[in-house]
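Student: I am new to this structure and would like a close look at one part of it, the place where the two chains meet. Please take me through that part slowly, and then show me how each chain is built around it.

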Amino acid sequence: MTPYHRPVPFAWWLGRRVYTLFVVRELTSVFIAAYVVLLLRLLHTLTLGREAYEAYLRSLAAPGMVVFHVVALAAAVYHSVTWFGLSPKAMVIRVGQKQAPAGIIVGANYLAWIAVSAIIAWLVLRG
Amino acid sequence: MPVRSTEPFWWLLFAVGGTVAAFLVPVHIALGGIALPAGWMREAFAYERVLALVSHPISRLYLFVMISLPLFHWAHRFRFTLIDLGLKGGRGAVAIACYGGAVIGAILAALVLVQL
């Protein structure tokens, strides 16, 4: 006997804001994955030589590529914000008998994010 | 011997990949996808300079982590999103396609990075 499953409309996640934000949060991973594939493509052109690399850099200025990267940046930042927001639930830090307040854990994540981003930007852009 | 679920393994890759993506991906998109085509830092992206920068062993290891783990993060989230959005049939095929895609991406990343 097959149990009955009530059919769920495809657009169920558009009905409520929290559901929509949940699906948007999950789908940020698609943009992040697409970006790392493009980064791999860039590294691949480096192995092919200067011509291929410079042609690839020029292709990054195409309107479609710029739009993709702007949307991907928004998606990636949304991922970071939601990920750090969940961090107090994912890692409970105890100090003696007390639990470290959620605000401090989230704040520490943001500080580390800023520091890591600044170091990477410096390494890539210096000189 | 009991059959063990592989779920904790994929979940661990998802969690580590999500953390890697949260800390590292935004700045990389801003630099390589927006600042570079805008022409703000043209000298920084010169062929010889970028090749020297990414060829360092630590850079290669870093790039492998930064490319492969977010793919596993994607695979896990996308797998369950497809099911949530109504793809109830073929759960096994969805899982294989998603995790398989991430494994292939990780292998390609390793192949490119050893050639640098």
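Predicted model: local features only at pLDDT ≥ 70, side-chain atom pairs only at ≥ 80, totals over all residues.

Tutor: The contact between the two chains draws on 44 residues from chain A and 43 residues from chain B. On the side of chain A that touches chain B, at least two residues each come from α1 (17-48), α2 (50-59), α3 (63-90) and α4 (102-125).

For the complex, the predictor reports an ipTM of 0.93 together with a pTM of 0.91. Chain A has a mean pLDDT of 93, with 99% of its residues at 70 or more, and chain B likewise has a mean pLDDT of 93, with 98% of its residues reaching 70 or more. Within chain A, the confidence is highest in α2(A), at a mean of 97, and lowest in strand β1 (residues 94-95), at a mean of 82.

Now to chain A as a whole. Chain A contains 4 helices and 2 strands, and along the sequence these elements follow the pattern α-α-α-β-β-α. Taken along the principal axes, the C-alpha atoms of chain A fill a box of roughly 60 × 55 × 30 Å. The radius of gyration of chain A is 21 Å, whereas a compact globule of 127 residues would have one near 14 Å. Buried residues account for 17% of the 127 residues in chain A. If you take the contacts in chain A between residues at least 6 apart in sequence, 44% of them join residues at least 24 apart.

Setting aside neighbours within four places in sequence, Ser87(A) is in contact with Ile105(A), Val106(A) and Asn109(A). Of these, Asn109(A) is 22 residues from Ser87(A) in sequence, and their C-alpha atoms are 8.1 Å apart.

The C-alpha atoms of chain B fill a box of roughly 55 × 35 × 20 Å along the principal axes. Its radius of gyration is 17 Å, while a compact globule of 116 residues would have one near 13 Å. Of the 116 residues in chain B, 34% are buried. Among contacts in chain B between residues at least 6 apart in sequence, those joining residues at least 24 apart make up 75%.

Inside chain B, one pair of helices deserves a careful look. The axes of helix α3 (residues 57-84) and helix α4 (residues 91-115) of chain B come within 9 Å and cross at roughly 170°. The two helices α3(B) and α4(B) are therefore roughly antiparallel to each other. The residues of the contact between α3(B) and α4(B) divide into 19 nonpolar, 3 polar and 3 charged.

Finally, Leu69(B) lies in helix α3 of chain B, and Leu69(B) is buried because 23 other C-beta atoms lie within 10 Å. Apart from neighbours within four places in sequence, Leu69(B) is in contact with Leu13(B), Val16(B), Gly17(B) and Val20(B). Along the chain, Leu69(B) and Thr81(B) are 12 residues apart, and 18 Å separates their C-alpha atoms.

How values were computed: Residues numbered from 1 in each chain as written. Chains lettered and ligands numbered in written order. Axes fitted to C-alpha atoms, helices over the stretch in contact; angles between N-to-C directions. Parallel < 35°, antiparallel > 145°, perpendicular 65-115°, else oblique. Nonpolar A, V, L, I, M, F, W, Y, C, P; charged D, E, K, R; others polar. Contact = placed C-beta atoms within 7 Å. pLDDT = per-residue confidence, 0-100. Rg over C-alpha atoms; globule rule 2.2 N^0.38 Å. Buried ≥ 20, exposed ≤ 12 C-beta atoms within 10 Å, placed from the backbone.
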